[in-house]
Amino acid sequence: MILKTDFRQKRGFAHGLIRHLPGHAGLTAGCIILLFYAILSIAGPMIYPRIPENLSNVLKSPSAANWFGTDELGRDLLARVFTGVRIDFFIAVGGVGLAYFVALPFGLFAGYFGGKVDRAISVVAESMLTFPSTVLAIFIVTIFGSSVWGLLLTITVTQSPQLVRYIRGFVIQIRNMEYIEAANAVGSRLSFILLRHVLRNTVGNTAVVLSLLASEAVLVASALGFLGLGVQPPTPELGTILSRGRTYFTIAPHLMIFPGLFIALLILGFNLVGDGLRDKIDSKRTR
Amino acid sequence: MTKQILQIDGLSVSFGQMGERTTVVKDVSFSVGEGEIIGLVGESGSGKSVTAKAVMGMIKKPGAIDSGSILFRDRELTKLPPGEYRKLRCREISMIFQEPMTALNPVYTIGEQFAETVHTHLGYQKKQALEYGVQMLAKVGISMPETRLRQYPHELSGGMRQRMMIAIALSCSPSLLIADEPTTALDVTIQAQILELMKDLCHQNDMSTIVVTHDMGVVAEMCTRVMVMYAGRIVEISPVEELFADPIHPYTGALLRSIPRIGEHPELLYTIPGSIMTPGQRHAGCRFSPRCDWRLPRCDEAEPPIFAVNGERQVRCWRCEGGAAHA
Amino acid sequence: MANYVLRRMIYLIFQVFLVLSLMFIIFRLLPGDPARLVLGPLASEAEYARYRMQMGLNDPISVQYLRYLQELMTGNLGSSTSYSQSVAAVILPRIWPTVRLMLCSLGLAVFIGVPAGVFTGIYPDSKVAKGIMGLWVALLAVPNFWLGLLLVQLFAVRLNLLPSIFAGTLLSMVLPTLAIASRLIALIARMTRSAVMEVANEDYVHFAQAKGLYQWAVVVRHILRPALPPIITMIGMQAGYLLGGSVVIENLFSYPGMGQLLLAAVSARDYALMQGITLFFVMTFLLINLLVDLLYSQVDPRIRLE
């Protein structure tokens with residue numbers, strides 16, 4: 001019940017955002033980038049259902065035939081990159097999205113009820129946060145396995161504690177502000193309505209945090225791929241393609257430039273959206 | 001006639017972007033004599049603080065001095081390079097601020113904040129600076145000066161902080177002190193003490209003072225001459241007793257009338273009808289005319305210049321054309 | 001002040017205890033049968049069973065947990081299966097290289113980031129400032145391993161100026177440090193800028209100017225110093241990044257530190273070693289936070305007196 005309402009409000013918020021978009025260059029740019037990646041993620045495998053190997057065409061520099069050049073097995077790098085994008089994008093968005101649903105109840109309860117509940121939840125979250133995310137990710141991926149879902153769950157685990165902390169902070173802010181109104185609202189049945197109000201007010205700030213966590217997720221996911229702990233070949237993933245490029249980078253730098261560029265661009269997209277949303281919210285507050 | 005230490009002539013200051021500038025101070029002219037305590041009076045937005053800042057050379061972008069001259073001891077301040085201005089500040093012209101809590105840096109002890117000033121201007125080293133600090137603090141009436149110097153601003157009371165600011169401002173024996181609302185943030189009982197202190201120090205050191213305030217009580221207490229500002233313009237300059245006894249400019253009159261007197265029990269407190277024009281508003285005539293009880297048709301056509309009246313007084317009002325106040 | 005330090009230390013111990021417990025749980029979840037890993041796939045079932053009994057792996061969880069804590073208290077980190085030495089012996093020589101790398105990166109980031117932040121905070125409208133801020137946006141988006149590769153490509157391969165593999169020389173520290181520091185530079189600079197912009201409008205800055213102080217004194221003493229607390233806090237928050245970044249970068253540059261060791265341990269499924277390294281990371285993280293808190297109270301006297 002609460003989840004359904006939650007989602008509806010998120011969409012309503014997005015509607016309002018789109019109206020405001022033209023005012024902010026960074027936000028617009030970020031959204032365009034993310035849209036591009038979303039399209040690639042969906043369309044990529046449809047455009048390139050198979051990427052043929054061509055051992056006579058190995059490690060060629062960018063040319064008219066292969067815009068990004070070819071990799072060590074003669075495959076078209078552009079095709080590889082375009083299909084590799086979907087995994088990182090999916091892991092980031094899916095992982096952080098799942099983290100939101102996992103962290104939301106904890107953050108809400110911790111922030112709203114305070115006291116022992118808060119302390120218990122915070123203590124667990126804080127101790128998980130003492131592990132650097134990359135290190136934690138390395139461990140978790142060993143548990144969950146190097147599949148796409150394993151990576152996604154890894155991201156969920158690494159990002160949830162941070163999200164719990166942020167959501168808790170937002171809820172505390174709201175609770176202090178509207179608590180007085182809450183005192184007037186009578187009856188425990190209405191505590192559900194209160195939760196709705198609390199949720200609605202935290203959505204804006206949460207969206208900012210989600211973007212920034214997604215950006216971090218891309219970093220961690222591609223780092224794992226780079227270290228060889230991500231999805232296994234031949235499934236293309238930007239980090240793994242990049243690590244291949246590493247072996248050959250003296251003779252074929254293009255192998256390393258393009259995948260990295262696409263990772264950076266995706267991170268940039270999330271950063272721009274996150275910062276842009278934050279600017280929008282701040283300016284709305286000061287008005 | 002006493003020597004004029006400060007002479008301001010036709011000062012205009014505006015703020016804003018290129019092409020969209022708003023004049024907040026227009027054609028302000030007055031002078032301050034040696035050892036004189038004068039008041040610069042006006043409500044919020046009258047431009048008095050901006051004028052004070054202009055004298056200190058602390059108008060920041062997007063504000064700028066458009067025209068006019070500020071002569072301090074025959075030096076033209078508006079043309080002064082920043083390095084020279086810095087040397088002047090606190091050494092020759094000092095300023096104290098309205099809110100002593102925010103004017104003192106919370107992360108340094110007041111001793112450190114005192115010492116950096118005397119070190120910069122007088123070259124005092126640490127030991128010397130501290131000794132001098134003890135002297136100055138005693139002079140402004142702060143008890144246990146040695147202990148106080150080691151304390152942080154948030155450990156002192158409001159009155160003490162203001163005394164501290166005065167001590168710092170006067171540490172290099174400036175010839176001109178600008179006090180921007182020196183007592184507004186203080187308790188009433190402390191206000192009297194601070195004003196008394198300032199008067200004593202000014203007379204002791206033969207220091208000229210400009211008291212910027214909206215409080216006529218402060219003016220009555222401290223100043224020998226008063227300048228009244230309205231909407232960025234000077235509207236009346238007059239010796240204090242004459243101003244209170246017989247205000248000429250309609251605004252001054254209204255201002256004095258809106259101060260309730262002990263013993264009176266009016267049904268309604270007198271307020272000046274209408275509201276002050278925003279600096280951006282365009283109006284061909286006198287800025288006060290929409291609210292003025294003695295408005296003439298002329299008042300809406302052109303802004304009056306300053307007329308000399310009855311000897312020393314100056315008034316910016318069409319009714320004073322010819323050197324005498326017309327009823 | 002001493003009271004505050006004491007309280008912080010107690011809290012630190014509590015945090016360590018919690019983290020150790022968490023690690024215990026995680027490590028029990030890791031796949032693989034320790035007996036099979038240690039003895040190899042060719043031993044007999046009996047040998048596996050004997051190993052498990054020796055190692056106390058058949059005991060109830062609570063007993064294992066207590067034994068685990070006890071071992072840690074006495075400094076016994078177990079023995080590494082891939083190195084055939086005690087874990088402590090394997091880890092020890094690698095601690096300093098990693099710490100050194102972190103310190104250098106942090107130092108570089110502060111050295112460049114803070115002045116950049118101050119400059120863009122005081123002159124926000126200048127073209128240079130806008131250019132610098134655009135650079136930060138780019139730096140924040142670049143993954144540090146990619147940057148490492150690019151730096152190597154540029155400086156080592158093309159220009160042949162700097163070594164691409166760590167060789168113990170000062171020069172070979174440059175690229176790894178740069179790779180880690182770049183993101184930090186952007187973050188510190190951005191934080192410094194916003195802190196400076198907030199402080200620059202305070203009354204005491206105006207008063208400092210009215211006192212006729214030199215411009216640099218106003219900037220450093222009255223703008224930068226009060227702006228330090230949020231910057232310090234942020235550095236503390238980035239401790240995790242510093243540690244995590246070292247893992248990838250050490251791998252890239254064959255830098256003999258803890259990060260590289262961790263990866264080797266993971267691929268060898270050397271759980272004892274992994275645990276030891278994780279302990280190091282976590283302790284370092286907690287220590288950095290403690291230092292940050294202490295530094296914070298030094299910088300802001302209002303906190304100190306509470």
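In the predicted model, helix 12 (residues 258-267) and helix 13 (residues 271-299) of chain C pack with their axes 9 Å apart and at an angle of about 150°. Helix 12 of chain C is therefore roughly antiparallel to helix 13 of chain C, the angle lying over the cut-off of 145 degrees. The crossing of helix 12 of chain C with helix 13 of chain C is left-handed. On the side of helix 12 of chain C, the residues involved are C:Met258, C:Leu261, C:Leu262, C:Ala265 and C:Val266, which meet C:Leu273, C:Met274, C:Ile277 and C:Phe280 of helix 13 of chain C. By class, this contact has nine nonpolar residues, with no polar and no charged ones.

In chain B, helix 7 (residues 158-170) packs with helix 8 (residues 188-205) at an angle of about 15°, and the axes are 10 Å apart. Helix 7 and helix 8 of chain B are therefore roughly parallel to each other, and helix 7 of chain B passes helix 8 of chain B in a right-handed crossing. Helix 7 of chain B contributes B:Gly158, B:Gly159, B:Gln162, B:Arg163, B:Ile166 and B:Leu170 to the contact, and helix 8 of chain B contributes B:Ile190, B:Gln193, B:Ile194, B:Leu197, B:Met198 and B:Leu201. Seven nonpolar, four polar and one charged residues make up this contact by class.

Between the two chains, 24 residues of chain B are in contact with 18 residues of chain C. On the chain B side, the elements giving two or more residues are helix 2 (82-88), helix 3 (100-103) and helix 4 (110-122). Helix 4 of chain B gives the most, with four residues. The side of chain B that touches chain C has twelve nonpolar, six polar and six charged residues.

Definitions and conventions. Residues are numbered from 1 along each chain as its sequence is written. Chains are lettered from A and ligands numbered from 1 in the order in which they are written. This is a predicted model: local features need pLDDT of at least 70, side-chain atom pairs count only at pLDDT 80 or more; totals for chains, interfaces and linings use all residues. Two residues are in contact if their C-beta atoms, placed from the backbone, lie within 7 Å. Ala, Val, Leu, Ile, Met, Phe, Trp, Tyr, Cys and Pro count as nonpolar, Asp, Glu, Lys and Arg as charged, and the others, Gly among them, as polar. Axes are lines fitted to C-alpha atoms, for helices over the stretch in contact, and angles run from 0 to 180 degrees between N-to-C directions. Angles under 35 degrees count as roughly parallel, over 145 as roughly antiparallel, 65 to 115 as roughly perpendicular and the rest as oblique. A crossing is left-handed if the near helix is turned anticlockwise from the far one by less than a right angle, and right-handed if clockwise.
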